[in-house]
Amino acid sequence: MLRTFRLGGIHPPENKLSAGKTVAILAPPPQVIIPLGQHIGAPAQAVVAKGDQVKAGTLLAKAAGFISAPIHSSVSGKITKIDQAVDASGYARPAIYIDVTGDEWEETIDRSETIRRECTLSSQEIVAKITAAGIVGLGGATFPTHVKLTPPPGSKAGILIINGVECEPYLTSDHALMLQRGEETLTGVSILMKAIGVDRAIIGIENNKPDAISHLRTLARTFAGIEIMPLKVQYPQGGEKQLIDAVLRRQVRSGALPISAGAVVQNVGTAYAVYEAVQKNKPLFERIVTITGRGVANPSNFLVRIGTPIRYLIEAAGGLSGQTGKIIGGGPMMGKALVSADIPVAKGSSGILVLPREEAARKPSLPCIRCAKCVAVCPMGLNPTLLMTATEFVQWEMAEKNYIVDCIECGSCSFTCPSHRPLLDYIRLGKGKVMNIIRTRKS
Amino acid sequence: MILIAILTLGGIGMAGSVLLYAASKKFEVYENPLIAEVQEALPAANCGGCGYPGCAGFAAACVNASSLDDLLCPVGGADVMNRVAAILGQNAAKTDPKIAVVRCNGNCQARPHVNRYDGARNCAVASALYGGETGCSYGCLGYGDCATACTFGAIHINPATGLPEVIEEKCTSCGACVKACPKNIIELRNKGPKSRRIYVSCVNKDKGGPARKACANACIGCSKCVKECPFDAIQMDSNVAWIDFRKCRLCRKCTLVCPTKAIHELNFPPRKEAATEAGGAKTKDIINEKTNSAC
């Protein structure tokens, strides 16, 4: 019997159009736009100026605080300006524009293909390297990885869980990574195990990726302490708390960190980035991005430099086909519609989904019929219809009492609602407001 | 038999009344009778515009305050405050009536759509998601959170322009719309003599180029009005002008120099000179524009 998380969950159509496609390397575009806020926490502070020459891997901006991450150049060329650019947030925010010339990398980066498995560094040295490389959670949440590897005093992780679930429909970037960079990824996992001082890691993979499961299983025999656990397909299994429940049968208390359940969770993409940072001295400046959906001619997986405007990805995937309805950054469940094709790929961009018009339209919202389907599917055990109403009528106390801040914004409620109510739209707003209220109360 | 019933029930009644009397004496809460009297004078709108929880809360605040200087019922205005002052034997602070002013003129013609939003029709939700359907991320979203918040029916979205309009007679300047607007484009300003007032109808903080590209009616931060103003009433902050209504003497020089007609004048008689007529008429036109284009 395969495991999965026990509360709620849905089964959206998988639509993994780009599954099995080899990762193609996308050449740097003529100009990249590198946003300074690509992670959760304070945006990085630029340390370069207009006119500076940079190489791939050159530090562009330093971390502004502990919960922040540095940003490196993804190309070689000249900085043309430091200005505002509309990014995936939908607002204009500071970004660095670089005109690309050639493809020179910093000399410290090991560009060879050879896989280096041995790592003799200590835990602190590993974390320092990860911090300097600007690695953030590549599953989409973009939480700075070094923060997760530095548990608060008094708590100790017993196990590392690696998220190879990729439960979002359409997306295949992690799948492609596990198949094609399996050994590197597993080396990254062992490095992460060393960094947090655990001797056991479990990689959770949904069983709709049998090739990845068997490939990594074969490889894992040569690594100490790494197990592969196939999981029953269910959305949102890639959520941190859901994955801990699925793998360990432990629940994380409301408001507590996963470490309270004795686990640290990292994405497979993050593990691969850690391998590159620690073994190859390569900062995080490129990532695998899925470009998919029925709105593009050839759904594919690309290795893309951070800062590449998404129009280059769309062109490389054969261009738009038919009438485009929406371009979504991320997957269809948690992703966000993008306002322009000039928005650059950032560290957290796991996929670009192009939906044709007939698939993209949202149906008009009808009154709630009290069927409680949203309550049944909520993986956090919340009451979405109540939370939406509380937000709509500005009842922050009611929203807080009903644990609005525990919402993981997975969108299962909106997906399942037969009245097409914009449940998550409101809950996300309410969650932000209540979190602000709690923050002001504390300070 | 009847006698027993009467005595029993009468006895219970007597005992109960004694208990109630004792309880009411023991747990009596003294309330200043003035509070009720002041509350009587208030408009009973319970809008919260004064900053207190309803009219009763405001009445208590008035009675307990040593002076009425910082207290104002925006709905009742000077009339009500004078009455309250008379009850309390104090002097009401002199206040000018205020009105809500919408500082965005990005109508359909001026501000072309660059994308379509199909999420929840709510400004706060849309604003939390992204900059909006047009190139201007500062302007009105047009889903009417202000109209929903207004308990007096004084503000509504004009379907022709997609922008909110304030009905002067109904607006009590309670400030509910100001709080509801996630873009902070609504401001409480002096109503002005004969309801005449001048304001910059834009809050776009972008530099001139991008602002102008996003909206033809945007303030581009050129500072011409600042130089023109003889009373030093206009300030330029982050590429957007703001007219201090306490200093403005309504000379209307700024509206003439504004290259994008972002400065609006309301309720003035038409200008005499032919050359300037266009300026005055334009403002009226924009405000009352009736177009068929759907926003």
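This passage describes a predicted model of a complex, taking in chain A, chain B and the contact between them.

Residues are numbered from 1 along each chain as its sequence is written, and chains are lettered from A and ligands numbered from 1 in the order in which they are written. Because the model is predicted, local features need pLDDT of at least 70 and side-chain atom pairs count only at pLDDT 80 or more, while totals for chains, interfaces and linings use all residues.

The predictor assigns the complex an ipTM of 0.87 and a pTM of 0.86. For chain B the mean pLDDT (the predictor's confidence in each residue, from 0 to 100) is 87, and 92% of its residues reach 70 or more. Within chain B, confidence is highest in helix α1 (residues 2-26), at a mean of 95, and lowest in helix α11 (residues 274-287), at 47. Over residues 274-293 of chain B pLDDT stays under 50, and the model has 22 contacts beyond four places in sequence for this stretch. Where pLDDT is low, the predicted coordinates should not be read in detail.

Chain A contains 14 helices and 17 strands; helices (H or I, at least four residues) and strands (E, at least two) are DSSP runs, numbered from the N terminus. Its radius of gyration, taken over C-alpha atoms, is 21 Å, close to the 22 Å that the globule rule (2.2 Å times the number of residues to the power 0.38) gives for 443 residues, so chain A is as compact as a globular protein of that length. The C-alpha trace of chain A spans about 60 × 50 × 50 Å along its principal axes. Of the 443 residues of chain A, 53% count as buried, that is, with 20 or more other C-beta atoms within 10 Å of their own; exposed residues have 12 or fewer, partly exposed ones lie in between, and C-beta atoms are placed from the backbone. Among contacts in chain A with a separation of 6 or more, 73% join residues 24 or more positions apart; a contact requires C-beta atoms, placed from the backbone, within 7 Å.

One open sheet of chain A has 3 strands in the order β3-β5-β6, with antiparallel pairing. β3 (45-46) and β6 (71-72) of chain A are at the edges with a single partner strand each, so one side of each is left without a neighbour in the sheet. Strands count as paired if DSSP finds at least two bridges between them; β3(A) and β5 (residues 59-62) of chain A pair over 2 bridges. Ala46(A) stands opposite Ala61(A) in β5(A).

Asp245(A) lies in helix α6 (residues 240-248) of chain A. It counts as buried because it has 21 C-beta neighbours inside 10 Å. Leaving out residues up to four places away in sequence, Asp245(A) touches Phe5(A), Arg6(A), Arg250(A) and Gln251(A).

Chain B is divided into domain 1 (33-88) and domain 2 (98-287), with bounds from an automatic or database domain assignment. The centres of these domains of chain B, taken over C-alpha atoms, are separated by 31 Å. In chain B, 5 residues of domain 1 are in contact with 7 residues of domain 2.

The contact between the chains takes 12 residues from chain A and 12 residues from chain B. Helix α14 (residues 423-442) of chain A gives the most to the chain A side, with 5 residues. That side of chain A has 7 nonpolar, 2 polar and 3 charged residues, where Ala, Val, Leu, Ile, Met, Phe, Trp, Tyr, Cys and Pro count as nonpolar, Asp, Glu, Lys and Arg as charged, and the others, Gly among them, as polar.

Note on methods: Contact = placed C-beta atoms within 7 Å.
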